[in-house]
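Hi everyone, thanks for making time this morning. Let me put the model up on the screen, and then we can walk through a few of its details together.

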Amino acid sequence: MGDKLRWLGRNAEEVVCAAMITFMTVLGFANVATRYLGYSMAYTEELLVMLLVWLTMLGTAAGFKRNAHLSMTFLQERLPRVGQRALAIFSAILTVGSVVVVMVVCAVYQIPDEILLKSRTLSLDLPTVYYSLAIPVCGVLVILRVLQASWREWKSLGRAER
Amino acid sequence: MTAVTLLVFGLFLVLVVLGIRIAIALGTTACLIILLYHQGAMGISSIFYSNIAKFPLLAIPFFILAGFVMERSGISGRLVHLASLMVGPIPGGLAIVGIAVCVFFGGISGSGPADAAAIGAVLIPAMIARGYDRGFAAGLIATAGSTAILIPPSIAFVVYGVITEVSVPALFAGGIFPGLVAGAALIVPAYIISKRHGWGGERWGTPRELWEAFKRAFWGLMAPAVILGSMYGGICTPTEAAIIAVVYGIVLGWIYQTIGWRDLYRCMLDAAITSAVVMFIVAFAGLFGWAADRVGAIDHVLKSMLSLSDNGLAMIFIINGVLFIAGMLLDAISIFYVFLPIFIPMMAHFHWDPLWFGVMMTYNLAIGQATPPVAVNLYVTTSLADIKLDRAAVAVIPFVLAMVGGLVVVILWQWLSIAPPVWFGLYKPVH
């Protein structure tokens, strides 16, 4: 039981991401299929877009864990170990920095504005906050995974030196 | 104005060369510019967000998922078997099979690396076993796989359509002939090199074998018809066609008993993360484009480029040179967001057709998927061939040159890109 929980802690984004995209496929397919039966589920399009925003942010976090984000490592690989370590820190700072800027702006300006204006989506009439909350909520997760991955990289660069 | 232009593009370039992740290099530059030049920092998150919250972009996760599902379903092996019986004892037989199947699979998959992975996993080990050079095999499948973003469906065309508001189904149709041109161009070096090294072909299949292979590959052969047919039959949007592709692939995997629950979970998970990585670039690249425009950097680059030449054709070749170099350092999606704000006004200035321009640009960026140091397709094929990138970088040169030859054809013969969308009544040329 404890093992399972720990696995879930490490793979939380993965499980939720996979569930989300499965649900999106089912929902999207239902929309196409039911249109033939003369029944409209056009409102699902709005739901799909909302899920896309959440999926992007959650999957980004998981992507940092797997080192899936694209970069040009040509120069980096040819640097001495010290340079590689310095670049690893620099990269972590920029990543956390830019995500924090977007998160903070969202939490401090965008979301309070949306609450104040009571802005709602067009067809489902849901508060738009349901969409925008993805950025600060998953942003925390992104930062956590960036720090974990950077720490791992830092350690492995140190080990190889000896 | 020059200082800020230099800062925008210079800083971005330096960060990329230092090995900062491309999405982060874009995001850092954008945030820094907006904060330094007081361009409304309160808007940062809503621009970031509005770049991804777009219905047409939903096609991206679904086409990526379709690619993973089709790869697992095992149809690529069946297609390769059928094609090798048809190509027969021509020198470089397996190489030509590889090109043909990659181009065909491009009609199922919308992403270059997915195409290269699906076909390469079957064909690269087979080629090595038959004595082909590992670098040759990796370079060939990397370039042939890049035709997936020209042959419909295509993730690159979805993004180009979202940015420029050119119809995505029309772009899809426009990519068909240029994709075939690329495939045909690749056969030339594949044949010559194989002949020189004596890499022999297979044998013809007997009619009975051909019929058996055809039956085994039948549902795979039907896949492009199902995906494109549902879209061009007016039944559904590109996004929905992508969903149909996913469901078709899962049904195939169920019939062939190749996709179990565990495989399905892996497909879903890999697709979710791969699409998130793409969408994360979209979000920050869109922010970068917005910031660069706000501080006047786009306008400045535009004016400097226009001052280079009044000759439209000369300008097209300059643009293609720039894109080729950019393709070595960046992925296609970032390039669309960084460069299109500059190119869109140029299209109006020189009266270039935006559909043709999109096809041409996508063709150039397809080459970029196989030109190192950043070469998403070559990463896939070098790991399948178990060689270093340095070795594949040399081996890929003849194929890149052949692709460039095809690009010149696409540039000079605009009819290739514009005719099919006009035939299908999807597009009216602007000029």
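Let's begin with two helices of chain B, α15 (residues 297–308) and α16 (residues 312–329), which pack at about 130° with their axes 10 Å apart. Helices here are DSSP runs of H or I of at least four residues, numbered from the N terminus. The axes are lines fitted to C-alpha atoms over the stretch in contact, and angles run from 0 to 180 degrees between N-to-C directions. That angle makes α15(B) oblique to α16(B); under 35 degrees would be roughly parallel, over 145 roughly antiparallel, and 65 to 115 roughly perpendicular, with the rest oblique. On the α15(B) side the contact (heavy atoms within 4.5 Å) uses M305(B), L306(B) and L308(B), and α16(B) brings M315(B), I318(B) and I319(B). By class, these residues are six nonpolar, no polar and no charged, where Ala, Val, Leu, Ile, Met, Phe, Trp, Tyr, Cys and Pro count as nonpolar, Asp, Glu, Lys and Arg as charged, and the others, Gly among them, as polar.

A word on conventions: this is a predicted model, so local features need pLDDT of at least 70 and side-chain atom pairs pLDDT 80 or more, while totals for chains, interfaces and linings use all residues. Residues are numbered from 1 along each chain as its sequence is written, chains are lettered from A and ligands numbered from 1 in the order written, and side-chain values use heavy atoms, without hydrogens and water.

Now, cysteines. How many disulfides does a search of the whole structure find? Zero, over all chains, with a disulfide taken as two cysteine sulfur atoms within 2.5 Å. For C17(A), the nearest cysteine sulfur is that of C138(A), 8.5 Å away. C17(A) is also buried, at 0% relative accessibility; buried means under 20% relative accessible area, exposed over 50%, and partly exposed in between, using a 1.4 Å probe and protein chains only. The sulfur of C31(B) is 13 Å from its closest cysteine sulfur, in C106(A), which is too far for a bond. C31(B) is buried as well, at 4%.

Finally, the backbone. Most residues other than glycine have a negative phi, and most peptide bonds are trans. Here, P152(B) to P153(B) is cis, with omega near -5°, and P153(B) lies in the loop between α8 and α9 of chain B. N67(A) has phi near 55° and is exposed at 54%. E165(B), with a positive phi of about 65°, is exposed at 73%.
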